[in-house]
Amino acid sequence: MAIYAPGQRILLPVNPWFIAFTLVAAFFFNVLPWRDVRAVPDLLAVVIVFWAIREPRKIGIGIPFVLGLVMDAANGVLLGQHALAYSVMAFMANTLSRRILWFGLPAQTVHVLGILLTGQLLMFGVRMIAGASFPGFSYFLGPLIAAALWPVLSFLMLAPQRRPESVDETRPI
Amino acid sequence: MEHAPPPFFNRGPAPVVRVTFFVLLSVFLMVIDARFRYTEPLRQVLMTAAYPLQRAVLAPFEAAGRIGDYFQSLADLQTENAELRTEKLKAAQDLMTLEAVRAENARLRGLLDARDRARSDAVFAEIIYGSRDPFARRVVIDKGFTQGIDLGRPVIDTAGVVGQVTRVTPLASEVTLITHKDHSIPVQVVRNGLRAIAYGTSDGAAMELRHLPINIDVQNDDELITSGIDGVYPQGLPVGKVTRVDRDATFSFARILVTPLAGTDRQRQVLVLRPLEEAPPYPAAEEPAKKPAKGKKARRSEG
């Protein structure tokens, strides 16, 4: 399953524009008009965690912080709530990066679930302190679904880096 | 004499330092946002910047809706047309009586030398999306302060009161629904004129009439309208219907649940009204408060 674990396949260097594109696309996904947002995975968080694990030197903590602020403003929630969660998640992903990449996809998924749940718990705690009421346990369904998406997502997002370096023009496919 | 390592090993501050900085920064932002509201300009800049992106995201859905409308079957339209025609007839009858009643009202008001209630000019708006915040019930509408929306305006739809404008940006504004936990609205029972305050509940689906005694005269299916005594909501807008009354003698108060009439899940068009021009003067609660102050002054001057 872990066809792109380290040592098995050398990936091309990532295109920074592709990182930007995935982040913006994930933001779009997040601001879609969902009817009930509790069970909708926070795709932006997953994408941030993905790049913070894969490219800790490109996606540090500053970019997630700014994206979190944009999410806060777009959703009209407490300014800093997503920023806090995203920076902590990016920090965890950055520091655990080498460890996580050592594992195969199932174990990676478990790690990512832990990171995402930490972020969700942080946001939950912040809102509880700010005086909101409990939104129901389906609030924690989002990270579960997001973590379940991890194998698919990491396959898709690494696809541009798995292209052959020199394309053979005469190849049939 | 240079003993520093070459700059390509330099990765800036340690990650722990950086995350501490950003965590402290976000906590700082949250505190000043929640307590002092100093962050409104920053929020407005971010929201206005994100607005075109959000509209771009929504465009395909709106287009799909329009295409769906276009291909709506003729039969549907015909039945709808017939319904509308009968409704129009009924409304015409109401309108005629309304004209008579309005004239009579104006005469009576003239007699009473009362101020004519200002007819509120309304702004038509459309709900763009529901706020992606599972903790709070809010919707965002497509009119902002460039279209004349300001804070505190009541918002209604065809069925009843939707909520109140609580945040305004140049092109969009945020409406807190009447079912929001921290929202309350003064209401009146149509059947007997009883006044009460309907509070939002934490689950965000219903409202509650609090602090009413157990033997209060409220029944199931009682209709509630705004009483207009808060100076925000004009009088007589339908709010909701009582769906449950628990009279449990072990509690001091009756538990009365109200289901709102307005349906933000069902329809997208809303009207943003102007709040009442002049809030009624506050009742004379200052009189007893003045006396001890006077006494204190007197005592101070004595001593």
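# A walk through chains A and B

A:L69, A:V70, A:A73 and A:A74 in α3(A) meet B:R43, B:L46, B:M47, B:A50 and B:Q54 in α2(B). By class, the residues of this contact of α3(A) with α2(B) divide into seven nonpolar, one polar and one charged. Please keep in mind, as you look around, that this is a predicted model.

How do the two helices lie relative to each other? The axes of α3(A) and α2(B), the latter spanning residues 40-70 of chain B, come within 8 Å and cross at roughly 80°. An angle from 65 to 115 degrees counts as roughly perpendicular, and therefore α3(A) and α2(B) are roughly perpendicular to each other.

Now let us step back to the whole contact between the chains. Chain A brings 36 residues to the contact, and chain B brings 34 residues. On the side of chain A that touches chain B, α1 (16-30), α3 (62-75), α4 and α5 each supply at least two residues. The largest share of that side comes from α4(A), with eight residues. Sorted by class, the side of chain A that touches chain B has 24 nonpolar, ten polar and two charged residues.

From here we can follow α5(A) into chain A. This helix covers residues 105-130, which makes 26 residues, and reaches 37 Å from its first C-alpha to its last, close to the 38 Å expected at 1.5 Å a residue. Just after α5(A) comes A:G131, with a positive phi of about 105°.

Which residues of α5(A) are buried? They are A:Q108, A:H111, A:V112, A:I115, A:L116, A:G119, A:Q120, A:L122, A:M123, A:F124, A:V126 and A:R127.

The axes of α5(A) and α7(A) come within 9 Å and cross at roughly 110°. On the α5(A) side the contact is made by A:L105, A:Q108, A:T109 and A:V112, and on the α7(A) side by A:W150, A:P151 and A:S154. These residues divide into four nonpolar, three polar and no charged.

Another neighbour is α2(A). This helix has twelve residues and reaches 16 Å from its first C-alpha to its last, close to the 16 Å expected at 1.5 Å a residue. How many of its residues are buried? Twelve of the twelve are, so α2(A) is mostly covered. Among them are A:L43, A:F50, A:W51 and A:R54. The cover over these buried residues includes α1, α3, α4, α5, α6 and α7 of chain A.

Let us cross over to chain B. Its secondary structure comes to four helices and twelve strands. Of the 303 residues of chain B, 25% count as buried. Among contacts in this chain between residues at least 6 apart in sequence, 57% join residues at least 24 apart.

Several of the strands come together in a barrel. Six strands of chain B close into it in the order β6-β7-β8-β11-β10-β9, and the pairing is antiparallel. From one strand to the next, the twist averages 40°.

Three bridges join β9(B) to β6(B), residues 184-189, and the two run antiparallel. In one of the pairings, B:V187 has B:T226 of β9(B) as its bridge partner. With β10(B), residues 238-246, β9(B) also pairs in the antiparallel sense over three bridges. Here the bridge partner of B:I225 is B:P238, while that of B:L224 is B:G240.

Our last stop is B:R107, which sits in helix α3 of chain B, residues 74-112. Is B:R107 buried or exposed? B:R107 has 10 other C-beta atoms within 10 Å and is therefore exposed, the cut-off for exposed being 12 or fewer. Between the C-alpha atoms of B:R107 and B:E174, 67 residues apart along the chain, the separation is 40 Å.

Methods
Residues are numbered from 1 along each chain as its sequence is written. Chains are lettered from A and ligands numbered from 1 in the order in which they are written. This is a predicted model: local features need pLDDT of at least 70, side-chain atom pairs count only at pLDDT 80 or more; totals for chains, interfaces and linings use all residues. The expected span of a helix is 1.5 Å times one less than its number of residues. A residue is buried if 20 or more other C-beta atoms lie within 10 Å of its own, exposed if 12 or fewer, and partly exposed in between; C-beta atoms are placed from the backbone. Two residues are in contact if their C-beta atoms, placed from the backbone, lie within 7 Å. Ala, Val, Leu, Ile, Met, Phe, Trp, Tyr, Cys and Pro count as nonpolar, Asp, Glu, Lys and Arg as charged, and the others, Gly among them, as polar. Two strands pair if DSSP finds at least two bridges between them. Axes are lines fitted to C-alpha atoms, for helices over the stretch in contact, and angles run from 0 to 180 degrees between N-to-C directions. Angles under 35 degrees count as roughly parallel, over 145 as roughly antiparallel, 65 to 115 as roughly perpendicular and the rest as oblique.
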